[in-house]
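I opened a new page for this structure.

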Amino acid sequence: MRSSATSYPEGSAAFPHRGLVGIAGLAPHEIMFLLDEAEQWVDLNRHAQKHRDLLSGLTIINAFFENSTRTLLSFEIAGKRLGADVVNMHAATSSVKKGETLLDTAATLNAMHADAIVIRHASSGAVQLIGDKVDCPVLNAGDGQHEHPTQALLDALTIRHAKRAFNGLRVVICGDILHSRVARSNILSLSSLGADIRVCAPPALMPVGIEAMNVAPFHNFDAAIAGADVVMMLRLQNERMQGDFIPSPREYRHLYGLTLDRLSLASPDALVMHPGPMNRGIEIDSNVADMVERSLITLQVEMGVAIRMACLDVLTRRARGVEGWA
Amino acid sequence: MSKTAPLTITGGKLLRPDGTLEAGTLRCADGRIVALGADVTPQDGDTVHDAGGLIVAPGLVDLGAYAVDKPAFHFGGITRAALMPDQTPPLDVPSRVRYVALSGKPDFWVHPLAAATRGLEGSALAELGLMRDAGARGIATGRRWIADSGTMLRVMQYAAMLDLVVFVHAQDSNLMGSAVATAGEMATRLGLPAAPAEAEALAISRDLLLAEMTGARLHLRKVTTARGLDLVRAAKDKGIKVTAGVSPAYFMLSDLALAEYRSFMHLSPPLRSEADRKAVIAAIADGTIDAIASGHDPRGSEDKRLPFADSAPGMAGAETLLPLTMNLVRDEVITLGRAFELLAGNPARVLGVEAGRLEPGAEADIAIIDRDRPWIVDSDQMAASAGNTPFDKQPVQGRVAALFKGGARVGQKKTATT
């Protein structure tokens with residue numbers, strides 16, 4: 001396990017929260033604690049035998065009210081590697097489509113005695129709403145345009161694995177900041193860990209008042225990327241490409257695409273990240289995404305499983321009666 | 001209508017039209033105020049009500065509610081309300097207007113606002129003349145703004161000809177889109193769909209121009225931004241026939257209240273910045289704002305127990321209208337007399353009804369008010385048909401002790417804790 005400069009209290013005091021709704025409200029040492037906890041799972045996941053029955057007998061429900069492939073798969077694998085009974089509920093095939101309210105669905109899940117519920121929902125604040133109504137911990141797997149905390153944690157773990165200290169790290173986040181929960185969670189976590197953050201987007205995709213979140217806003221990507229240590233690209237949703245927010249994908253690439261030329265403006269060993277799935281040739285060129293020595297994109301996916309294992313472990317410790325946590 | 005005995009209210013402090021309080025007696029007969037003053041005495045056969053030293057004030061006239069929710073209105077001292085056309089089905093034909101106009105009688109009067117366009121769709125004109133003659137006291141665009149300027153011009157032309165005031169929800173609908181918050185730091189942190197506050201001023205500018213062109217009377221239901229208020233101020237100076245309203249949420253709360261995603265804070269227009277909140281208070285003080293209304297819109301859990309952006313906007317405001325306005329009196333923003341101009345006198349004038357002031361000849365809609373009585377707003381214990389108040393668990397001061405409509409005592413549901 002990597003050593004950390006941050007120390008944290010013993011037992012449950014290290015992470016006293018009932019669930020993980022967002023990065024907002026987490027102290028820096030609590031973020032570091034989750035990163036440190038994830039390291040053992042990074043190691044385990046690299047072995048042929050990737051199973052440890054910590055959560056045996058526990059039921060985890062992945063309640064996804066919004067489509068997802070990667071995040072759902074990542075949470076499912078994380079739960080299964082820890083020996084939990086993992087059940088996936090897809091909104092598309094559930095009674096949500098039949099008009100059941102979100103809170104009725106929450107009550108139903110609660111009555112099934114889940115030990116943790118992982119929730120993705122298209123509305124900001126929906127996870128907190130459910131979390132207030134159920135007895136078990138909830139994990140936010142993305143709520144609207146609000147937060148996606150496990151993505152921010154896995155991104156932080158990825159950066160740490162690339163042997164970068166957070167303090168003074170120059171990070172540029174580029175893309176649809178307005179609609180991005182990934183951006184919000186990363187801004188909160190990386191700024192709390194001491195990074196120096198720039199956000200870059202066309203004005204139409206830049207939220208008003210973003211500078212209050214301790215970031216420097218840019219509209220010119222060439223200026224924003226200058227000297228960056230980490231370049232974090234965001235996915236541009238297809239439905240926003242046809243004239244509503246940007247004139248066209250090709251113009252977007254022209255102004256905001258991460259090309260080799262642009263990357264050369266960053267620091268010489270700058271690292272490239274993307275939460276996926278990528279629009280190759282739009283926000284990121286293939287020859288950048290596939291640079292073995294610079295692109296962390298597959299490492300992010302790997303860290304995702306480890307982070308989610310750590311979160312599931314930590315958040316169920318109280319229910320499992322782990323010493324110091326019960 | 002059954003004949004009620006004349007009513008004499010003794011032992012109260014009468015709120016005179018000039019805003020002064022005068023110890024005296026008020027006598028009503030045949031549903032109207034016949035005399036008031038220090039020298040008035042009850043006559044044989046009168047029903048006598050002892051006001052016990054409390055304020056005798058006009059019943060409140062609520063300028064734009066969404067539901068005929070009598071228990072809530074009576075609790076709040078409201079004897080009349082202009083009803084928004086956003087009903088199911090909408091008030092866009094004379095028969096519904098006529099029905100609604102009678103729906104509260106005898107102890108509550110509803111003044112229907114006719115839908116400006118059929119189905120409130122914002123395109124085809126509704127039968128405004130027929131609805132006026134069926135009892136409509138004004139025209140309203142409903143919860144939405146009419147984006148088509150050509151349609152709005154014609155609405156205003158008819159309104160001017162028919163001498164009907166036009167109630168407008170002044171928020172540029174294209175700029176609002178699906179926004180549920182005002183663009184700014186809070187909306188950004190919370191990831192809520194947001195629109196710039198200027199959506200209001202943009203809509204107000206157009207509608208003021210149309211009012212000037214047509215000579216129609218314009219009532220802006222909720223003016224909630226500094227820029228919007230500046231436009232109203234300038235328009236009044238210029239002599240344009242415009243009045244402006246607001247509801248207490250906009251001088252009590254700002255978008256900081258959205259922090260917990262509580263859907264009871266989901267209002268339309270959305271809560272504004274602190275600077276705009278202060279601008280609303282200043283505009284109430286300087287007379288730019290003419291009316292404070294409840295915007296009463298009771299919403300059950302099926303509309304409110306949802307994620308913020310999925311929930312319906314609106315608040316149950318009838319019960320808290322008076323005490324929250326009394327905050328402004330206690331804070332010396334306005335006098336007591338001005339408070340009742342905002343709550344009763346001006347609204348009655350906008351609707352063209354003979355109420356809202358205590359003077360001989362006016363209809364005997366009277367509220368006996370204990371201005372300092374403390375109570376706690378409790379969402380679970382409201383008289384309203386739903387408890388969607390942003391002021392849940394807040395201590396307030398000011399309660400109606402007794403209410404009379406047309407000189408007859410009306411029942412009040414006694415629920416809230418003192």
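Which residue's side chain meets that of A:Arg253 in a salt bridge? I note at the start that the model is a predicted one.

**Entry: A:Arg253**

I looked up the partner and found A:Asp285, with 2.7 Å from N to O. A:Arg253 sits in helix α8 (residues 249-256) of chain A, while A:Asp285 is in the loop between β9 (271-273) and α10 (286-289) of chain A. The two are 32 residues apart, and the pair links distant parts of the chain. I then checked accessibility. A:Asp285 has a relative accessible area of 11% and is buried, whereas A:Arg253, at 32%, is partly exposed.

**Entry: A:Asp229**

I went on to the salt bridge between A:Asp229 and A:Arg164, whose closest N and O atoms are 3.9 Å apart. A:Asp229 belongs to the loop between α7 (221-225) and β8 (230-233) of chain A, and A:Arg164 to the loop between α5 (149-161) and β5 (170-174) of chain A, so this pair ties together parts 65 residues apart in sequence. Are these two buried or exposed? A:Asp229 is buried, because its relative accessibility is 8% and the cut-off for buried is under 20%. A:Arg164 has a relative accessible area of 15% and is buried.

**Entry: further salt bridges**

I found A:Asp313 in a salt bridge with A:Arg317, with 2.8 Å between the closest N and O atoms. A:Asp313 and A:Arg317 are both buried. In chain B I noted one network, joined by salt bridges that share partners: B:Arg32, B:Arg80, B:Glu354, B:Glu363, B:Asp365 and B:Lys405.

**Entry: nonpolar cores**

How many residues are in the largest nonpolar core? I read off 101, and the members that touch the most others are B:Leu220, B:Ile284, B:Ile292 and B:Phe340. Helix α12 (residues 321-330) of chain B gives this core its largest share, 6 residues. At least three residues of the core come from each of domain 1 (7-56 + 364-385 + 395-409) and domain 2 (59-351) of chain B. I also looked up a second, separate core, which has 98 residues, among them A:Ala14, A:Phe75, A:Ala116 and A:Leu299. As background, nonpolar side chains tend to be buried together in soluble globular proteins.

**Entry: B:Ile292**

Last, I listed contacts of B:Ile292, leaving aside neighbours within four places in sequence. Its contacts include B:Val246, B:Ser247, B:Pro248 and B:Phe251, and also B:Ile284. I noted B:Leu321, B:Thr325, B:Leu328, B:Leu342 and B:Leu343 as contacts of B:Ile292 too.

Conventions
Residues are numbered from 1 along each chain as its sequence is written. Chains are lettered from A and ligands numbered from 1 in the order in which they are written. This is a predicted model: local features need pLDDT of at least 70, side-chain atom pairs count only at pLDDT 80 or more; totals for chains, interfaces and linings use all residues. Side-chain values use heavy atoms; hydrogens and water are left out. A nonpolar core is a set of buried Ala, Val, Leu, Ile, Met, Phe, Trp, Tyr and Cys residues joined through side-chain atoms within 4.5 Å. Buried means under 20% relative accessible area, exposed over 50%, partly exposed in between (1.4 Å probe, protein chains only). Helices (H or I, at least four residues) and strands (E, at least two) are DSSP runs, numbered from the N terminus. Domain bounds come from an automatic or database domain assignment. Contact means heavy atoms within 4.5 Å. A salt bridge is a side-chain nitrogen of Lys or Arg within 4 Å of a carboxyl oxygen of Asp or Glu.
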